[in-house]
Structure formats: structure tokens, C-alpha cells
Amino acid sequence: MINHFVPKNLKEALTILNKHDCYIMNGGTDLMVQKHVSTGLLPKFDKDVLYINNLKELDYIKKDEEGIHIGASTRYVEIENSPLIPNIYKRVIKEIASPNIRNMATISGNIANASPAGDTLVPLVLNDAEVVLTSANGERKMKVDEFVYGVRKIHREKNELISEIVLKPQELSYFYRKVGSRKAESITKVSFLGGVKIENKVIKDFRVSFGSVAIKTVRNREIENKYIGRNINELDINEVINDYAPLVTPITDQRSNKEYRHKVAMNLLKKFVMDIKEGGINE
Amino acid sequence: MKISFILNKKNVEVDVSPSMRLLDVVRDVLGLTGTKEGCGEGECGACTVLVNDEPYNSCLTPIINVANKEVMTIEGFRETKSYRIIADAFASQGGSQCGFCTPGMILATYAVLKKNPHPSEEEARLALSGNLCRCTGYQAIVDAVMLAAKKGIEL
Ligand SMILES: Cc1cc2nc3c(=O)[nH]c(=O)nc-3n(C[C@H](O)[C@H](O)[C@H](O)COP(=O)(O)OP(=O)(O)OC[C@H]3O[C@@H](n4cnc5c(N)ncnc54)[C@H](O)[C@@H]3O)c2cc1C
Ligand code: FES
Ligand code: FES
């Protein structure tokens, strides 16, 4: 028999997770689609379900010296409207799904769902954001980049849930593009985020991440470090393209083919580098 | 499991699985069939209802997520002054043909105008981007939103 657990508070939720292997239901915008059977029938689960979307203790946005803390049940709409959230996240979130979905869905659900097309992963990975994993035995932190390690693969133990996300604001100028087909259901075909900091024509920070072009969000610190310290006049577009080209390994699916995706990803990278050389990243 | 919420300004209690879709609770358990099911996957907006005055897709909402919250379906919204203004605008601009998308469109229109009483056409289109219509070609719907904005909905 499948149990449906509706905890009254976080402590109760963690006690349940310690004893039962559960699906965690948050906003439901991924899980309800995945478990949908047909009109009038209940969604079909093959193990217990724990509902956390109503937990007030997980609904908050606050800021301290460590960063900006977003509780796991905080919805996109709250993030979009909060003065504490860096603009780059708002930009990315505004392009996710439709207003209705953004009223329901959460960023913790987007991370845990670990789709290569998960849009928030791109800025989270680029900006070194962390997840806090909490269980009855305590909590631990992990970079989002490590936490998601493949298609639907995350380093979550059965007794843990994501209790919060910690954003680390960076001093970067950003270039973001999401390429999809139709606004409201545009599952991303390719997304690109570049972040850069330039002082007196010298690159002080340089970061690139791609979504939907590999089993997880692409970011490579080795390549980034190579360009830190360079004068923008010595930045060679083809060198950057050649560095990233092998990391961009998209697949062909019903949305798009891999040649197209690779081409678009490289064109966006090129545009980013050209803008840097012309001194013009300002978004 | 017994779950209570407010539906169209009245307290209701249902005894169902917490996983049941809000859409099925409203239509099958409570018999209000104004809320429609199109895709069942979050992509068409036919199932739009207001939860604490914000539009949700009821086909993706497990009923427990609205426990103790205020849910408004098109049946409840019909009793408001905003409804009259929006519905008249849809009628005069030809924003409704077969009518299947209309309950969702009307609630989505209310939600846009509440956030942004004077949207540009572009903003109106973006705000309705999660609501599909197979009949009108959208321009008549956007015209209806602009007309309702001009008249001013009452909040
Ligand atoms: C029509 C439509 C359009 C969409 N468009 C986009 C888009 O443009 N971009 C995009 O990135 N996504 C999109 N999505 C996907 C989805 O809306 C997002 O991934 C959303 O952020 C999921 O959040 P949720 O709270 O609804 O997750 P849920 O469905 O509740 O959960 C998703 C997964 O995460 C797990 N989970 C949730 N919370 C936690 C937690 N706190 N701890 C551990 N595990 C947890 C669940 O067990 C489940 O596996 C779209 C979905 C639909 C239906
Ligand atoms: S039926 Fe819910 S969005 Fe289509
Ligand atoms: S009027 Fe027929 S679907 Fe919109």
C-alpha cells in the first residue's frame, strides 16, 4: 500500500523520511505530470509520497553574510517579486513556463528534478549556488554543480530533503539567452549564460555555462581560469570556441537535432566573447 | 483524508487522497464543470483557477496544496463585477468562439489586469502565453483584454 504523508512541520517531515522512502511532492509541476494516468484517475505512485509544499517553515527568502537563502517551498512568483534576489535569477525565471506554473513551481523542485533542460540550473551552477540537504540527523551543504550529476541524478540520500538554496551574489555582468520554441511550454533547446568582470580591459572573472546541451549543465573551471587575467584585446574568439566545442555534446530528440543545438550554443558563445571584446556586456 | 479549503467564498471539506488533482475535485467531487481539462499537462491553461487570487493550473495541483487556501473557479468569479467587465469585453471583441478556453482566459485576464491594470499588447500576450485557444487566433482575445483594461476592472 502507498502512504501519503502530510506533515505538519519540518521535524515531522524529516521523521517520516527517516523511516520511509518517499517521493517528495512540492509544487507538483513536474511530479504530477510524470505520475499522471488519465482524467478522473489518481496519479499513480509506486512508493510513498511526502507533501512539503505547505510547510511554512520552508517558505522564505532572507539575506545574510553567507548569501541569499531561499526556502524549498518558496515559489518562483515570490522569487521574481523579491528585492533580495539578484537580477540574473529574475531574468532566467521570467522565461520559465507560464505565469500559472510560476505561481506553483519551486526552484528546489527544478534542481531535484535534474533535467538537462532545467533553466535555473544554468545560473545556479555559474554563480556557485549551494543546496542545503536536511535530514533527521542534521544538515549538509553542496554546490548545485556537484549535487546534480546526471539526467535525473542527484546526490540525495533517501532520508534527506532540500531545505534551502543559498545564492552567492557575484560581481559579474551577464549575457543570457534561452532558445526554445513557444513561450509557455518552451522546454529549452539550448541556453547560455556568460558572466564576466573586466577592469581596465583586463578580465578579472570569466564564467560560462550551457543548459540542455549535455547530461548536466556544462561549466568548466579550467577553461575559465585560462582566460582570467587576459587583456580583452588578446581574447581570441576561435580559441574560446575550440575550448568549449568538445564539452557541448547535445542529443537529438523530438525538440531539436544535435547539430542545430551545437551550432546555436557556439554562436551564443561567440556573441558573448565578441561583446566582451567590444566592451559591451551590460545586462 | 479530510481536506478543507474555501471554494468560491464557501468553506468546503472533501474526503479524498491528497494526491487528487484539484481539477478532479472541483469537477467530479464538487460538480462544478466550468473548469475545463484540455491537455492535463500544464500546457493549455483551460483548467485555470485562482488560488489565493493567483492563477494555477488545477490539472497539476494536488488537492493538499490548496488546503486552507481560497480557491475561486469561474462559477464563483461570475458573481464579481470584474467578471461582467471582462466577459462583456470578450463578447464584444469576439474573444470567445467554441468557449472551451474561455473560463481559463477570463481568469487569466483578471490575473493580468490585477498585476498590471494597463498592460501593453505585448505584456498582455506574454501574460496569456500559458492559455491556448484553437479558435480565435488570439488577436480577438488580446483586443478583449485591452478593452477590459480600458474600462478598468474592479478589484
Ligand atoms: C507546461 C510546463 C512548462 C515548463 N516549463 C519549464 C521551463 O521553461 N523551464 C524549466 O526549467 N522547467 C519547466 N517546467 C518544469 C517545472 O515546472 C520546473 O522544473 C519546476 O521548477 C518544478 O518545481 P515543482 O515545485 O513544481 O516540483 P515538483 O514537481 O513538486 O518536484 C519535482 C522533482 O523534485 C523533487 N523535489 C521537489 N522539491 C524537493 C525538495 N525540497 N527536496 C528534494 N526533492 C524535491 C520531487 O520529488 C520531484 O522529483 C515546466 C513544466 C510544465 C508543466
Ligand atoms: S488542462 Fe491544465 S493546463 Fe491544460
Ligand atoms: S474559443 Fe475555442 S478554444 Fe478558444
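Some housekeeping comes before the tour. Residues are numbered from 1 along each chain as its sequence is written, and chains are lettered from A, with ligands numbered from 1, in the order in which they are written. Because the model is predicted, local features need pLDDT of at least 70 and side-chain atom pairs count only at pLDDT 80 or more, while totals for chains, interfaces and linings use all residues; side-chain values use heavy atoms, leaving out hydrogens and water.

Two strands pair if DSSP finds at least two bridges between them. β6(A) is joined by six bridges to the antiparallel strand β7 of chain A, residues 138-143, and the two form a hairpin with two residues between them. Within that pairing, A:Val132 has A:Lys141 as its bridge partner. β6(A) also runs antiparallel to β10(A), with five bridges joining them; there A:Leu133 stands opposite A:Ile162.

A second hairpin in chain A is made by β12(A) and β13(A), again with two residues between the strands. In its turn, A:Asn200 has a positive phi of about 45°. The two strands pair in the antiparallel sense over nine bridges, and A:Ile198 stands opposite A:Ile203 in β13(A). Eight of the ten residues of β13(A), which spans 202-211, are buried, so the strand is largely enclosed by the rest of the structure.

β10(A) and β12(A) turn up again around helix α4 of chain A, residues 87-94. Buried residues in this helix are A:Ile88, A:Tyr89, A:Lys90, A:Val92 and A:Ile93. They pack against β10, β11 and β12, and also against helices α3, α5 and α7 of chain A. In helix α6 of chain A (107-113) you will find A:Asn110, which is buried with a relative accessible area of 13%. Beyond its neighbours within four places in sequence, A:Asn110 is in contact (heavy atoms within 4.5 Å) with A:Tyr76, A:Gly118, A:Asp119, A:Thr120 and A:Leu121.

Now move to chain B, where five strands form an open sheet of mixed pairing in the order β2-β1-β5-β3-β4. The edges are β2 (10-15) and β4 (54-57), each of which pairs on one side only. From one strand to the next the twist averages 40°. Helix α4 of chain B (102-115) packs on this sheet, touching β3, β4 and β5, and its direction makes about 40° with that of β3(B). For such angles, axes are lines fitted to C-alpha atoms, for helices over the stretch in contact, and angles run from 0 to 180 degrees between N-to-C directions.

Chain B is assigned domain 1 (2-73) and domain 2 (81-151), with bounds from an automatic or database domain assignment. Their C-alpha centres lie 21 Å apart. Between them they bury about 990 Å², 62% of it on carbon and sulfur atoms; buried area is the accessible area (1.4 Å probe) that two parts lose on being put together, summed over both. On the domain 1 side, B:Lys36, B:Thr48 and B:Asp53 lose the most area, together 36% of what that side buries. The count between the two domains is one salt bridge, meaning a side-chain nitrogen of Lys or Arg within 4 Å of a carboxyl oxygen of Asp or Glu. The side chains of B:Lys114 and B:Asp53 meet in a salt bridge at 3.1 Å, N to O.

Finally, bring the chains together. Here 31 residues of chain B are in contact with 31 residues of chain A, and the two chains bury about 2,600 Å² between them, 58% of it on carbon and sulfur atoms. B:Ser19, B:Leu60 and B:Asn65 supply 21% of the area on the chain B side, more than any other three residues. The count between the chains is one salt bridge, and A:Arg75 and B:Glu54 meet in a salt bridge at 2.8 Å, N to O.

Note on methods. Buried < 20%, exposed > 50% of the residue type's maximum accessible area, 1.4 Å probe, protein only. Helix = DSSP H or I, 4+ residues; strand = E, 2+ residues; numbered from the N terminus.
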